[in-house]
Amino acid sequence: MKIKYKAVLSALVIMFSMAGCSSNSSANDSIDTDEAVLIHEETVSPNEKYVESEDDIIYYNINVWQNKDNTIFVNASSNTPFFDDTQYSVDCDEQIDESDITIKWTTLMGSTESSEKDELVIGNVIISKDGKEISDKKINFMVKGINAVVDVINENSKNN
C-alpha cells in the first residue's frame, strides 16, 4: 500500500512541477477589458474526439487583450468544474499583435499529442515582441482536479 501511495504522490509532484498555473489575479478580482483590444483568442477541446455526447465536451479558452496603456491581459476560462476562470496582466512598453502570441498546448505528461488517456490540460502562453520574450506562463486547466486527488491522498495517509 505504501509503495502505491508513494508512486501516486511522486506522479503528482512531477505533474505539479511541469504544470504551474500562473495568475496575478483571480476571476473574482476581474480585470476590466472593456477598453482593451482583443489581440488573440484560442479555444481547444481536449476530449471532443472521445465523448459521445456534445454535453460532455470540455473547452479551454485563452484570450489575450491589450489596453491603451499597453498592459496585456490574459483571460483563461473553461466549462469544466476542474478549473476556475483566471486572469493575469503583463506590463508592456509597446503594442503587440497576434503574431507576438504563441499558445503551446500540452498534456500533464508533457506531450503535445493528446490521447484519450493523456488529454491536453496545459496552455503555455508565450508573449514576445521583436523576438524578445515578454511573458511565458503556464495555465493548468486541471488544477482543481489535481488538488482534489492530493486532498484524498492526504486524508488517506492520515487514516493509515
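The pLDDT is the predictor's confidence in each residue, on a scale from 0 to 100. The views below show a predicted model, in which local features need a pLDDT of at least 70 and side-chain atom pairs count only at pLDDT 80 or more, while totals for chains, interfaces and linings use all residues. Residues are numbered from 1 along each chain as its sequence is written, and side-chain values use heavy atoms, with hydrogens and water left out.

**View 1. Confidence along the protein chain.** The protein chain has an average pLDDT of 81, and 74% of the residues score at least 70. Over residues 1-28 the pLDDT is below 50, and this stretch has 44 contacts in the model beyond near neighbours in sequence, a contact meaning heavy atoms within 4.5 Å.

View 2. Side chains of opposite charge can pair when their charged atoms come close. A search of the whole structure finds 2 salt bridges, defined as a side-chain nitrogen of Lys or Arg within 4 Å of a carboxyl oxygen of Asp or Glu. In one of them, glutamate 35 pairs with lysine 68, and the closest N and O atoms are 3.8 Å apart. The pair links distant parts of the chain, 33 residues apart, with glutamate 35 in the loop between strand S1 (25-26) and strand S2 (37-44) and lysine 68 in the loop between strand S3 (60-66) and strand S4 (72-78); strands (E, at least two residues) are DSSP runs numbered from the N terminus. Glutamate 35 counts as exposed at 61% relative accessibility, and lysine 68 counts as exposed at 68%, where exposed means over 50% relative accessible area, buried under 20% and partly exposed in between (1.4 Å probe, protein chains only).

**View 3. The salt bridge between lysine 129 and aspartate 100.** Here the closest N and O atoms of lysine 129 and aspartate 100 are 3.6 Å apart. This pair also links distant parts of the chain, 29 residues apart, with lysine 129 in strand S7 (residues 120-129) and aspartate 100 in the loop between strand S5 (86-90) and strand S6 (101-107). Lysine 129 counts as buried at 15% relative accessibility, and aspartate 100 is buried with a relative accessible area of 12%.

**View 4. The surroundings of tryptophan 105.** Tryptophan 105 lies in strand S6 and counts as buried at 9% relative accessibility. Leaving aside residues up to four places away in sequence, tryptophan 105 touches several residues, among them Val44, Tyr60, Ile62, Leu120, Ile122 and Phe141. The side chain of tryptophan 105 also makes a polar contact with the side chain of glutamate 42 (2.7 Å).

Conventions
Helix = DSSP H or I, 4+ residues; strand = E, 2+ residues; numbered from the N terminus. Polar contact = N/O pair within 3.5 Å; in protein donor to acceptor, adjacent residues only side chain to side chain.
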